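Please look at the sequence and the model before reading on.

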Amino acid sequence: MNTDTHTIVSRHTTSEGVVVWSRCACGRLQMALIPYGARGKGLTAGGHDFHCPRCGG
Ligand SMILES: [Zn+2]
């Protein structure tokens, strides 16, 4: 339900795509790579994938 708990910390472009750092409501930093175009797969690292005790996701 509460899906808007991530705060964007920084965003920058790399040769692979756009890297977005966000901070969850629980305080963990998470990195997300959003590749250019529709070919690549998105990638996240750092935080939790799911089952966050704070954000409930
Ligand atoms: Zn969280």
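## Burial and contacts

Of the 57 residues in the protein chain, 0% are buried. A residue counts as buried if 20 or more other C-beta atoms lie within 10 Å of its own, as exposed if 12 or fewer do, and as partly exposed in between, with C-beta atoms placed from the backbone.

Two residues are in contact if their C-beta atoms, placed from the backbone, lie within 7 Å. Among contacts between residues at least 6 apart in sequence, 21% join residues at least 24 apart.

## The model and its confidence

This is a predicted model, in which local features need pLDDT of at least 70 and side-chain atom pairs count only at pLDDT 80 or more, while totals for chains, interfaces and linings use all residues. Residues are numbered from 1 along each chain as its sequence is written.

The pLDDT is the predictor's confidence in each residue, from 0 to 100. The protein chain averages 80, and 82% of its residues score at least 70. Where pLDDT is low, the predicted coordinates should not be read in detail.

## Strands and sheet

The protein chain has 4 strands and 0 helices, in the pattern β-β-β-β along the sequence. Helices (H or I, at least four residues) and strands (E, at least two) are DSSP runs, numbered from the N terminus.

The 4 strands form an open sheet in the order β1-β2-β3-β4, with antiparallel pairing. Its edge strands, β1 and β4, each pair on one side only. Two strands pair if DSSP finds at least two bridges between them. Between β1 and strand β2 (residues 17-23), the antiparallel pairing runs over 6 bridges. Isoleucine 8 has serine 22, in β2, as its bridge partner.
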